[in-house]
Amino acid sequence: MEARPNLVDLVGETPLVRLPAASRRLGVSVSAKLELCNPTGSIKDRPARYIVEQALALGMIEPGSLLVESSSGNFGVALANMCRHHGLRFACVVDPNVTPMHHYMMCRLGAELHMVDTRDESGGYLNTRLERVHELLDEEVGAFWTNQYANEWNTAAHYHGTGPEILRQTEGRIHHLFAAVSSGGTISGCARYLKEKIPDLTVVAVDAEGSAIFGRPPRSRFIPGVGSSMVPKNVDRSLIDVVIHVPEEDTILECHRLLREEGIFAGGSSGTVMAAIRRYFEADGSQQGARVVAIFPDRGERYFQTVYDPVWVAKTYPALRGSGGIHDVRGAAAFVAPSLGAFLREGA
Ligand SMILES: Cc1ncc(COP(=O)(O)O)c(C=O)c1O
């Protein structure tokens with residue numbers, strides 16, 4: 001196989017892999033779309049690439065232009081890498097919940113970070129982050145807001161990319177699609193494309209308990225990635241058949257189970273999706289033999305301070321202490337997390 005011209009060229013075309021243990025236990029065929037194989041480690045490489053390339057092609061930005069976004073996570077890292085590649089500048093508004101890994105990667109990839117630390121009236125940072133985004137846009141003529149929650153190019157990235165790949169990899173033999181929701185780009189783009197080809201596909205949106213996306217009141221959540229404290233414009237309810245809310249305790253247990261039983265070291269929302277699949281098929285035994293695709297959005301290493309840190313788990317969710325094999329990783333996490341923290345502090 002010949003060398004690809006650059007890393008950006010490796011975005012997408014991610015593998016689909018069967019999950020033998022989960023499939024056996026639930027009596028359905030579960031496959032995972034490993035978006036964690038994207039170059040910066042998450043599904044967000046897709047919208048970052050699509051949005052930047054569209055804006056460049058339409059002359060809305062050019063090398064040297066400033067991009068602005070509010071993201072404390074994967075989208076910020078993906079955009080930072082895309083801006084590095086195209087010679088763009090990137091200002092990313094973050095809040096104190098940003099993980100050390102995301103903070104470190106964005107800085108090293110050349111992003112300028114703007115930390116907001118004042119909570120808004122809802123107790124979160126969303127509105128203060130948006131205020132800072134608007135200040136940055138006002139400060140520079142021609143600055144471009146990628147705006148992942150409302151930009152339809154976010155959805156288009158999945159309509160033209162992830163959706164067709166799933167159709168090809170399954171040869172159209174898929175009954176259920178399970179996807180975690182935050183901005184809504186993944187589920188709306190994949191569902192729109194796949195339902196055009198497979199009209200009786202069941203699309204299951206997976207959200208975190210405490211998220212406001214599907215009309216519940218927001219409350220504090222600790223695991224980044226899935227959920228939102230507002231209703232994003234990119235969530236198209238007409239494409240969603242079922243919504244499942246998952247408590248963070250189940251997310252943690254399923255992440256550990258994925259590593260133990262399937263050998264997949266995945267991020268929080270992959271565990272959230274697996275918890276939803278379990279709940280859905282355990283409640284309805286009539287679906288035996290169904291073909292299920294689960295989207296796994298990112299890698300596990302960015303959750304060393306939460307999901308994979310047994311000290312954090314025991315403090316945040318005391319009922320999980322020692323359960324579900326979590327204590328099995330005590331040695332590894334206790335060794336890695338503090339040393340990684342020290343490394344990041346020195347290196348940043
Ligand atoms: C880890 C993780 N899971 C799930 C999602 C949800 O994807 P989307 O924003 O396309 O709804 C995101 C988005 O940031 C994410 O970072």
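**Exercise 1. Which residues have the most contacts inside the largest nonpolar core, and which element gives the most to this core?**

Solution. Step 1: A nonpolar core is a set of buried Ala, Val, Leu, Ile, Met, Phe, Trp, Tyr and Cys residues joined through side-chain atoms within 4.5 Å. Buried means under 20% relative accessible area, exposed over 50%, and partly exposed in between, with a 1.4 Å probe and protein chains only.

Step 1: In this predicted model, local features need pLDDT of at least 70 and side-chain atom pairs count only at pLDDT 80 or more, whereas totals for chains, interfaces and linings use all residues. Residues are numbered from 1 along each chain as its sequence is written, and side-chain values use heavy atoms, with hydrogens and water left out.

Step 2: The largest core holds 30 residues, and L19, F178, I277, F281 and F296 have the most contacts inside it. Among the elements that each supply at least two of its residues are α1 (20-26), β7 (176-180) and β10 (291-296). Helices (H or I, at least four residues) and strands (E, at least two) are DSSP runs, numbered from the N terminus. The element that gives the most is α9, with seven residues.

Step 3: A second, separate core has 23 residues, including V52, A55, V77 and C92.

**Exercise 2. Determine where D120 is placed and whether D120 is buried or exposed.**

Solution. Step 1: D120 belongs to the loop between β5 (112-115) and α5 (126-139).

Step 1: D120 counts as buried because its relative accessibility is 11%.

Step 2: Polar contacts are pairs of N or O atoms within 3.5 Å; within protein, one must be able to donate a hydrogen and the other to accept it, and residues adjacent in sequence count only if both atoms are side-chain atoms. A polar side-chain atom of D120 is 3.3 Å from the backbone nitrogen of L126 and 2.8 Å from the backbone nitrogen of N127.

**Exercise 3. Which residues come nearest to the ligand?**

Solution. Step 1: A residue is near a molecule or strand if one of its heavy atoms lies within 4 Å of it. Of the 14 residues around the ligand, K44, S182, S183, T186 and S269 come nearest.

Step 1: Oxygen atoms of the ligand lie 2.6 Å from a polar side-chain atom of S183 and 2.9 Å from a side-chain N or O atom of N74. For G184, a backbone N or O atom is 2.9 Å from a ligand oxygen.
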